[in-house]
Amino acid sequence: MDAEVVVVGAGLAGLRCAHVLAQAGRAVVMVEAADAVGGRQRTDDVDGFLLDRGFQVLNPAYPAVQRWVDVDALDLRPFGAGLRVRREGGVAELMHPLRAPGGLAATLRSGLLSPRTVAALARWAGPAVVAPRRVIAGAAAADRSLGDGLDRAGVRGPLRTEVIEPFLAGVLAEDRGETSEAFARLLVRMFALGVPGVPANGIRALPEQLAGRARAAGVDVRLGEPVTSLGADAGRTVLTLAGGCRVSARAAVVAVGPDAVAGLLPMPAPTTKGLQTWWFDAPQAPTASTLLMVDGRRRGPVVNAAVMSNAAPSYAPPGRHLVQVTCLLAKDGTGGTEADVRRQAGEMFGVSAADWGLLRRDDIPHALPAQPAPLRTVSRARVAPGVYVAGDHRDTASIQGALVSGDRVARTVLADLEGT
């Protein structure tokens, strides 16, 4: 089979790339190994519950989301604009001062803030909120690890140890402060500007929307078509599919996950971080809050928890409640044990979790590409004549990074095709 451009992988980067190429009038074939689009953004229907493949949220403040996603059509259900923190003496709430001003008094009473630590946090995060491009531009020369950056800024005390570090552990999939400080500051900026949520029909609604647009633009999306090898022949790129079919194209974009890219191309596998999510069916909601919760005591494997059905009732059948509990997943595949997860989650919410029904445990060993210092926001699109690579492991480890990478690679492919 011949094609003008083949895109391998129907994740966010591949879908955005294919759409841009097709809109420009190119004939695009997309091959995806799985039975549905989405890559890591997948949702399953389990006993009337919507279970995403691991706890995932969409931040509508991402610039790429604002440009290329119809957020209204996703029917996004936001979480609360703040954070609940389990402390030794009870639960404290920190609310966004502009989006939830009614919670300001409780925030000030939380015991987590002091004028000194608030000023230090403002010094640390403020430049990214006001001038993100300057943070990116300066990262090559001045970036350091998150832990070192917080130390240098003087961010200490309970605000750091009970709030910032446990919250960012779930966002960055690591709790050692090894991630790029610049990247962490840019993510904090997004949380300051937007309130994350989930589509009413699960995170799958995002790639499904992108796939619908790609198909409408003329992309031939073929599911259940794994690619086993990629090579060159007579100036064209040749892909071999699992069934033995060969596809010859002028250009091929490899937009598979970071765990699969090295199997198709002679390049090292990107380092990744893992997460583990436990999904529970709770007969009663352990809280009425829509806020994400962290354990400031840090007494166990759990990095965050939330009652999904409080924010998105469509995630659970009537009269039931869906609770997600997320832990870090080590490189050797170990996460939390069910006993420890139930104990800690129960302590966090102040209830017994003994009667929660376990729906599923998701172990996601390649949940996020690692983002060490210095921050690298752009990797070369073309890795060989007629061969390109897209994905969040080539940009930033986020939905924003995946979409931007797919768009950038598509424009490089178009420029190359026009020049030949």
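A disulfide is taken here as a pair of cysteine sulfur atoms within 2.5 Å. The model is predicted, so local features need pLDDT of at least 70 and side-chain atom pairs count only at pLDDT 80 or more, whereas totals for chains, interfaces and linings use all residues. Residues are numbered from 1 along each chain as its sequence is written, and side-chain values use heavy atoms, with hydrogens and water left out.

**View 1. Cysteines Cys-17 and Cys-327.** A search of the whole structure finds 0 disulfides. Cys-17 has a relative accessible area of 0% and is therefore buried (under 20% relative accessible area, with a 1.4 Å probe and protein chains only); Cys-327, at 0%, is buried as well.

**View 2. Pro-286 in the loop between β13 and β14.** Pro-286 is buried, because its relative accessibility is 12%. Beyond its neighbours within four places in sequence, Pro-286 is in contact (heavy atoms within 4.5 Å) with Val-307, Val-323, Phe-349, Val-351 and Trp-356.

**View 3. Packing of helix α7 against helix α8.** Helix α7 (residues 146-153) and helix α8 (residues 158-172) pack at about 155°, with axes 13 Å apart, where axes are lines fitted to C-alpha atoms over the stretch in contact and angles run from 0 to 180 degrees between N-to-C directions. The two helices are therefore roughly antiparallel (angles over 145 degrees). Leu-146, Gly-147, Leu-150 and Asp-151 of α7 meet Arg-160, Ile-164, Leu-168 and Leu-172 of α8 in this contact.

Definitions and conventions: Helices (H or I, at least four residues) and strands (E, at least two) are DSSP runs, numbered from the N terminus. Buried means under 20% relative accessible area, exposed over 50%, partly exposed in between (1.4 Å probe, protein chains only). Angles under 35 degrees count as roughly parallel, over 145 as roughly antiparallel, 65 to 115 as roughly perpendicular and the rest as oblique.
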